[in-house]
Amino acid sequence: MEKLKKLLDKEVEKRDNFFEVSYENPDPILIARRYQDEKVALICSLFAYGKASLIVRFLDSLDFSLLQESEEKIKKETKHLYYRFQNSSDVANIFITLKRVSQIDSLEDIFYKGYKKESSVIDGLREVITLLKKVNSYDSKGYTFLIGNPPPMKKVSTLSPYKRWNMFLRWMVRKDCIDMGIWKKVDKKDLIIPLDTHTFNVSKKIGLLHRKTCDLKAALELTENLKKFDPLDPVKYDFAIYRIGQEKSV
């Protein structure tokens, strides 16, 4: 494991530079860090599924100033937009939802209400997603896919890994040349790795993960194993592992 730690530490160091993310080497944080805003970052992370270049192209087409406009204008200006499973109504409604939430509290403070008691990211996510659904009754298959459902109190093994939400939290909480570190109330040691197919497969291949299903339980297992390398910042390895999988270098 010491040899693996050295390999991953080297990858983290190599990739911890501002130019690791670009239009030639795309990642949705390329658009998110341009704005340094939690609502914009959440939209960028929720649409972060599929081919990275297509995600970035779609995010580049969005006018994030609409978060300050009326709901009528949001609907008008997004009526021709769509991305994979989301139609124009889905796109409009994530903007509308976040506009309504911003009139209540910041996403950080809402998350913190759930997180603070037991330093639980899952409890924080439950608080945020529950409020997103409460402020906007709009519902569709594409919109539900976009924001997900609040994690139940138990049955962790049956849950999705909440990859896009955990990626959003990584962006918000960690601070380095990749991640923005906008939030100050959440400890990076409590983050859960954003587990996707690339990370799942690479982690199994290099012996960091043994679970056969790509779910939240696997994400928690991988996070615990990465804490053996860095208990204070286990998710710092996420971007390096993701890039290794993306580039098929193992």
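Author: Helices in this structure are DSSP runs of H or I with at least four residues, and strands are E runs of at least two, numbered from the N terminus. The model is predicted, so to speak of local features we need pLDDT of at least 70, and side-chain atom pairs count only at 80 or more, while totals for chains, interfaces and linings use all residues. Residues are numbered from 1 along each chain as its sequence is written, and side-chain values use heavy atoms, leaving out hydrogens and water.

Reader: What makes the largest pocket a pocket, and what is its volume?

Author: On a 1 Å grid over the protein atoms alone, a pocket is an open set of points with protein on both sides within 12 Å along at least five of seven lines, whereas a cavity is a set where a 1.4 Å probe fits but cannot get out. The largest pocket has a volume of about 590 Å³, counted as the space filled by probe spheres set on points joined across faces, edges and corners. It has 30 lining residues (an atom within 4 Å of a point), and A48, Y49, K163, R164 and D196 are the closest to its centre.

Reader: Which elements give two or more residues to that lining, and which gives the largest share?

Author: Those elements are α4 (52-60), α9 (141-147), α10 (163-173), α11 (197-205) and α13 (238-247). Helix α10 leads with five residues. By class, the lining has 15 nonpolar, eight polar and seven charged residues, where Ala, Val, Leu, Ile, Met, Phe, Trp, Tyr, Cys and Pro count as nonpolar, Asp, Glu, Lys and Arg as charged, and the others, Gly among them, as polar.

Reader: How many cavities of 30 Å³ or more are there?

Author: The count comes to one, and the largest cavity has a volume of about 90 Å³. Of its 14 lining residues, V12, D176, I178, K236 and F239 are the closest to the centre. Helices α1 (2-15) and α13 each give two or more residues to this lining, which divides into five nonpolar, no polar and nine charged.

Reader: Now the helix pairs: why are α7 and α8 called oblique?

Author: Helix α7 (residues 107-115) and helix α8 (residues 121-135) pack at about 130 degrees, with axes 7 Å apart. Axes are lines fitted to C-alpha atoms, for helices over the stretch in contact, and angles run from 0 to 180 degrees between N-to-C directions. Under 35 degrees counts as roughly parallel, over 145 as roughly antiparallel, 65 to 115 as roughly perpendicular and the rest as oblique. The angle of α7 and α8 falls in the rest, so the pair is oblique. The contact (heavy atoms within 4.5 Å) has eight nonpolar, two polar and three charged residues.

Reader: Why are α3 and α6 called roughly antiparallel?

Author: The axes of α3 and helix α6 (residues 88-102) cross at roughly 150 degrees and come within 11 Å. That angle is over the antiparallel cut-off, and therefore the two are roughly antiparallel. From α3, K39, L42, I43 and L46 meet I94, F95, L98 and S102 of α6.

Reader: What is the handedness of the crossing of α3 and α10?

Author: The crossing of α3 and α10 is right-handed: a crossing is right-handed if the near helix is turned clockwise from the far one by less than a right angle, and left-handed if anticlockwise. Helix α3 uses E38, A41, L42, C44, S45 and L46 for this contact, and α10 uses R164, W165, M167, F168, W171 and M172.
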